[in-house]
Amino acid sequence: MSELIFNRSRPGRRAGGLAPDSEESAADLPASCLRKSPPLLPEVSELDVVRHYTRLSQKNFSIDTHFYPLGSCTMKYNPRAANRLAMLEGFLSGHPLAPVRFKQGFLECVFELQEILQSVTGMSTVVLSPMAGAQGEFAGIAMMRRYHRSRGDAGRTEILVPDAAHGTNPASAIMGGFKVREIPTDREGDVDLGALKAAVGPATAGIMLTNPSTLGVFERRITDIATLVHGAGGLLYYDGANLNAILGRVRPGDMRFDILHLNLHKTFSTPHGGGGPGAAALGVSARLEPFLPIPFVGRDPTGGLRWIGEAERPDSIGRLSAFMGNAGVLLRAYAYTRLLGREGLRRVSAFAALNANYLARRLEAAGFELAFPRRRASHECIVTLRREAREYGVTAMDFAKRLLDHGMHAPTTYFPMLIPECLLIEPTETESRDTLDAFVEAMVQIRNEAVTDPGRVRAAPWTTPVRRLDDVRAAREPDLAWRPPGRELAPGA
Amino acid sequence: MPFIPHTPPETEAMLGTLGLSSLEALFDEIPAALQIESLPESVPEGVGELALGRIMRERARRDDPPLCFLGAGAYEHFIPAAVWDIVTRGEFYSAYTPYQAEASQGTLQLIYEFQSMMVELTGLEVSNASLYDGASALAEACLMACRLAGWDTDSPVVLLPEAVHPAYRAVVRTVLAPQSIPIETVPFDRRTGLLDARWLEPRLAALKAGVLVLPQPNFFGLIESVTEWTEAAQARGLRVVGLVNPTALALLEPPGRWGSRGADIACGEGQPLGAPLSSGGPYLGFMTTRFDCVRQMPGRIVGRTVDADGRPGYTLTLQAREQHIRRARATSNICTNQGLLVTAATLYLSLLGPTGLRHVAAASHARTRELVEALTGLPGVRRLFDGTPFFHECALTADQPAPYLLEALADQGILGGYDLGGFDLPQGSGWLVCATEMRTAPEIARYRETLERVLKAGRGHSHRSAPVIS
């Protein structure tokens, strides 16, 4: 059943009526620049294509079909209305370079979203050009660099990053031309303030923080951290991956962050799409405004909306995309914020926290070990299965794979790296108590099975389209593209 | 409560399990001074789906687009209905990154098929699972080429032609600036519109390492001598990045066959493959390379392997390049790919096949040729780079300023093209036109007639504002 679309190909078969029927001449192009043999794309009928990809889709777990408690990813329901409204013909057919008079409807949505997110984050300005969280991070770090240099402060070469941070944080800092200094976490999941004090100094450009952190707890001494880093001349960067936990209650601007990104595909429920597109909002305090990436949407005194570009922002870090970021994703985020509104956005964090804490408490009551049992969970919680691994030889990965047989997507495994055998579980506010209870029940059953039949758990999953895959072989003998028989490529040749 | 399923008794019971009396108590670890009681009134009240539909439909209607002869990096091609019908199936739309391979075989196999198609189109050996867009793909390709060239020791320069999309050049500058990688602009020959050999030949001769970006077609739609330049650059030890249009690759020699070795990296904008114009995104950047370069490639890659029963299956692989494993030592900070757009591109290429894609490319070329013939038949209108072959875009100039003409055309509901005002042109001004397979003969005739009237009305006019045309 894992037949490739290429295997369905028959010479001369076509999905008719989708492209011009006849071949027009391109004889005026110089022969030397022409392709000598056609690309081996599949030759299939329209039904072949529809059936093949419909069947492929059925091999996926997704929010629409399964509970998907993937920690740090905020896999909440993606409202269908947001998709429908973002795909209205007038929005889809707008050329990015069309004069703004033809795009006032689109710009109105984007401008309102900028304003709503300013209010939600407490930042001075929010723009929407980054195409994903990591690009927002890069832009934020590039702005830090510009800010310090604009003050003649070129000696700030280090970005501080807690050891629990997302991998994108250190990678973005490096892309931004900085060195990374890791800050350890204390036993209760807060940043080790002593270590931070020792690290902060004249070389500090800034610190990147996720709050609540990836450990599923709120950083309680955030005010002290802000005072410490600002006092040393550094800036605070807020990684908004976990904003869902505090939406409408605590604003990064009020925590005195200077720069932030929000992942619109997390908190604002735009689709994850099997890995993207993402989209990010980038917010700054007033002192960083001159450096914002372009373009963003501004309003003229006459009320008209238009792009703010390089001419008005000579100190901008520049462009991040060819046009205006992932515009269609912004429309979906706009629809979501309007559907929820002021009260609904605040309710998100209440029920996200309720679900996470309820799940944590029930798992603990069922005998699972929480990584931070004395802490209030944020919108996610961490279970460590080190005891199960030690006593039954069944690891977090085995639990994760066995959950698939229970019809539930696995939580995030082995992240954050400092918690052994961990599952990072984020139920989100859109799941019901029944679903959470079923998850606890599945975890208990798997643990029982780990006692009675550990081999069954270690070899899971059993019911998915494929069983455990040979990752070592995938990396050692990379097969990265289909090739027609007789034209195989030799890796490393 | 939109999208929250809890009934009041359930909420009560769950709080009871936690020993809490209110939802507010869930936030008791957060310093009270940091908490707000509600969002400011600048955040509007929630509205129902019906009401929001009215608001957004009205706005979308207002944006009803004019007749489009504008390309410049975003192209209006026909998209078969099956493409987005399948893309928006919940199983693709609401899935995430396929880290749990067994639960994501649909997405993984699809990406493997996408990679295979991009390998075929570009004539190279390995593709990643996509990057954000064409511009960011070019920036990542430049960084990758620098790593391949061994920038730690040699600090190579990136030779970036002026005849690359201005926004792409801007993104490359944004991304390369923090790492202090020098960029030199390769000028274009003002007569032919192609890379200026009088500048580039001596410059290559003086270099021992570096990166040359070769656009095909270039921003003016013109066909460059990519084979000769690839040979010349690689002979000097430079790495070659081919920046290509995927539709054009149905007709043009793929980067993997440029010169005797082929380009080292190919990249570009995948939007023409089934993504709507959509005000600029989401689109998808693509990138392919040779096997021997794969460990420096950024982004996700899917590989085919076997499962515990020996059946074929797909999984993310070579992840030691990526940020979630390598953190500060990763090839890039990129985490996502443009999954849904990869799905669209794969469906589009499957539906069109090799013949359909070639027909689209040839028809776009033919429509642009007809458009250029029609417009250059008007007095004072001529090609900027006469005699140089083009694909589906062409630069024109007239005896009146391009911004004025484009504005007047827009008044008549025609997007006449891209104003080349950002380029230093000996003719003073010019604009870039594009006609894909979507444009019809009557539409081309309408452009010609409208431009003719605009030109007439503009004679003797100061050109400070658009004329009134009856």
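Chain B holds 14 helices and 15 strands (DSSP runs, numbered from the N terminus: H or I of at least four residues for helices, E of at least two for strands). The model is predicted, local features need pLDDT of at least 70, side-chain atom pairs count only at pLDDT 80 or more, and totals for chains, interfaces and linings use all residues. Residues are numbered from 1 along each chain as its sequence is written, while chains are lettered from A and ligands numbered from 1 in the order in which they are written.

The C-alpha atoms of chain B fill a box of roughly 85 × 60 × 50 Å along the principal axes. Of its 470 residues, 61% are buried (20 or more other C-beta atoms within 10 Å of the residue's own, with C-beta atoms placed from the backbone).

Chain B contacts chain A through 165 residues, which meet 174 residues of chain A (contact: C-beta atoms, placed from the backbone, within 7 Å). Helix α12 (residues 339-376) of chain B supplies the largest share of the chain B side, 21 residues. By class, that side has 85 nonpolar, 52 polar and 28 charged residues (nonpolar: Ala, Val, Leu, Ile, Met, Phe, Trp, Tyr, Cys and Pro; charged: Asp, Glu, Lys and Arg; polar: the others, Gly among them).

Helix α9 (residues 327-365) of chain A packs against helix α1 (residues 8-18) of chain B at about 50°, with axes 9 Å apart (axes are lines fitted to C-alpha atoms over the stretch in contact; angles run from 0 to 180 degrees between N-to-C directions). A:L354, A:N357, A:Y358, A:R361 and A:R362 meet B:T11, B:M14, B:T17 and B:L18.

Definitions and conventions: A residue is buried if 20 or more other C-beta atoms lie within 10 Å of its own, exposed if 12 or fewer, and partly exposed in between; C-beta atoms are placed from the backbone. Two residues are in contact if their C-beta atoms, placed from the backbone, lie within 7 Å.
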